[in-house]
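Open the model in your viewer and switch to a cartoon view. This tour moves from one selection to the next.

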Amino acid sequence: MAILQTKALKKYYGIGDTQVKALDGVDLEIEQGEFVAIVGTSGSGKSTLLHMLGGLDRPTSGTVTVNGRDIFALTDEALTIFRRRKIGFVFQAYNLVPVLSVWENIVLPIQLDGNPVDSGYANEVIETLGLSKKLQSLPNQLSGGQQQRVAIARALAAKPAIVLADEPTGNLDSKTSQDVLSLMKVTGQKFSQTMVMITHNEEIAQLADRIVRMEDGRIVTR
């Protein structure tokens, strides 16, 4: 069953001769529990696609369906709530709050939503990612790899159906990148979450179940 689907998805910027077709009619289906890597050169449209899948930006035309819901039929407020509850994000820049501890960073999105923290589940994610001894540390006391693991734990702890990762290993060395991606794959399988990752690194992409290639705003291989 497809948990994530796009149909005729387009995102155009500008008009006339200066128009840029960031996405030019993308049809894509991702099955529940899949780990998909989206690859392509800079400017191929992969980041724009990821932002559309997560409801961070609205398309010029076309649809994105998550769990059977057309997310762009929702109001901005409803979309924000839906995104917070159903989709986890992992960004290259980590986006950790510097004055909060590792534990506080991980549970922050859950608390913002006004929900109780499932400590047992959160601690299972933390243990899987090897962060159990770092819970009271601040982000600036961690290595890059550890900070990225915290970002992944934060994305997983809210129990989203989908985790979207934007160049999650871009700031890491090759060995740490492999470790982090292997852990993402393990946690995705363990907690039945669908993972979609964009990367320019072919070696990293090979860890995914399926590779989707993009060029000039279109999918060329799926």
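**Stop 1: a bridge in the sheet**

Select A165 and look across to β8: its bridge partner there is M197. Keep in mind that this is a predicted model. Now widen the selection to residues 162-166, strand β7, and residues 194-199, strand β8. The two strands pair in the parallel sense, over five bridges.

**Stop 2: the whole sheet**

Show the remaining strands. Six strands make up an open sheet with mixed pairing. Read the order across as β6-β7-β8-β3-β9-β10. Next, pick out β6 (87-91) and β10 (218-221) at the edges. Each has a single partner strand, so one side of each is left without a neighbour in the sheet.

**Stop 3**

Select residues 76-86. This is helix α2, lying across β6 and β7. Its run makes about 75 degrees with β6. Then select residues 174-190, helix α6, which packs on the sheet. Helix α6 touches β3 (35-39), β7 and β8, and its direction makes about 160 degrees with that of β8.

**Stop 4: a helix pair**

Finish with α3 (residues 102-112) and α5 (residues 144-157). Their axes come within 8 Å and cross at roughly 30 degrees. Angles under 35 degrees count as roughly parallel, and α3 and α5 are therefore roughly parallel to each other. The crossing of α3 past α5 is right-handed. Show side chains: V102, N105, I106, P109 and I110 of α3 meet V150, A153, R154 and A157 of α5. By class, this contact has seven nonpolar residues, one polar and one charged.

Conventions. Residues are numbered from 1 along each chain as its sequence is written. This is a predicted model: local features need pLDDT of at least 70, side-chain atom pairs count only at pLDDT 80 or more; totals for chains, interfaces and linings use all residues. Side-chain values use heavy atoms; hydrogens and water are left out. Axes are lines fitted to C-alpha atoms, for helices over the stretch in contact, and angles run from 0 to 180 degrees between N-to-C directions. Helices (H or I, at least four residues) and strands (E, at least two) are DSSP runs, numbered from the N terminus. Angles under 35 degrees count as roughly parallel, over 145 as roughly antiparallel, 65 to 115 as roughly perpendicular and the rest as oblique. A crossing is left-handed if the near helix is turned anticlockwise from the far one by less than a right angle, and right-handed if clockwise. Contact means heavy atoms within 4.5 Å. Ala, Val, Leu, Ile, Met, Phe, Trp, Tyr, Cys and Pro count as nonpolar, Asp, Glu, Lys and Arg as charged, and the others, Gly among them, as polar. Two strands pair if DSSP finds at least two bridges between them.
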